[in-house]
Amino acid sequence: SGTVRQYSLCGDPRDRFNYRIAVRRIPNGNGGSIELHDGVSVGDVLRIKGPRNAFPLATTGHLNTGARRFHFVAGGIGITPILPMLAVATELGLPWTMTYTGRSRESIPFRDELARYGDRITIRTDDEDGLPTPADLLPPLHPDLAVYCCGPTPMLNVVRDAVAECDG
């Protein structure tokens, strides 16, 4: 249809020839999700513009220091830009943890893929745990903690406000 949308790449960050995106189907939505789900099949050719990184994982100066820690917060389909970050942080041996939230366990994409990271990831759901507070989403904040967050606006606001209030 010519609809233009931006999606996060969520595949292997080392693979420069194959791109993986995840598109959540929004019932009765007016965006590209229904068109992609109903109108695109395996093998179809899509026109894309080259990738750009508007949400980079900044590791420069933090490799092998042991001082800097990373904490990732993802809400629902907001996991897509975080997935490659987890792979890179793990490959580089960086210390990291993550909190992953969603409405229910069934609504959380990539749970099976994330299982390989074990207890580094805490999964919490609104139906089991209630709406998350800053303490639910974040470890104790300190100057050597880098926080990366992607998800729905209310969650982003909770994390942003908590980080802004940190004395570090």
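**A buried loop leucine and the salt bridges**

Leu 94 sits in the loop that runs between helix H2 (79-91) and strand S2 (96-102); helices (H or I, at least four residues) and strands (E, at least two) are DSSP runs, numbered from the N terminus. This is a predicted model, in which local features need pLDDT of at least 70 and side-chain atom pairs count only at pLDDT 80 or more, while totals for chains, interfaces and linings use all residues. Residues are numbered from 1 along each chain as its sequence is written, and side-chain values use heavy atoms, with hydrogens and water left out.

Leu 94 counts as buried because its relative accessibility is 3% (buried is under 20% relative accessible area, exposed over 50%, partly exposed in between; 1.4 Å probe, protein chains only). Its C-alpha atom lies 7.6 Å from that of Phe 70, 24 residues apart along the chain.

On to the charged side chains. A salt bridge here is a side-chain nitrogen of Lys or Arg within 4 Å of a carboxyl oxygen of Asp or Glu, and the count by this rule is six. One of them pairs Glu 128 with Arg 105, with the closest N and O atoms 3.5 Å apart. That pair links distant parts of the chain, 23 residues apart: Glu 128 is in helix H4 (residues 126-129), and Arg 105 is in the loop between S2 and helix H3 (111-114). Glu 128 is partly exposed at 49%, and so is Arg 105 at 30%.

Asp 136 and Arg 124 also meet in a salt bridge (3.5 Å, N to O). Here Asp 136 is partly exposed at 33%, whereas Arg 124 is buried at 7%.
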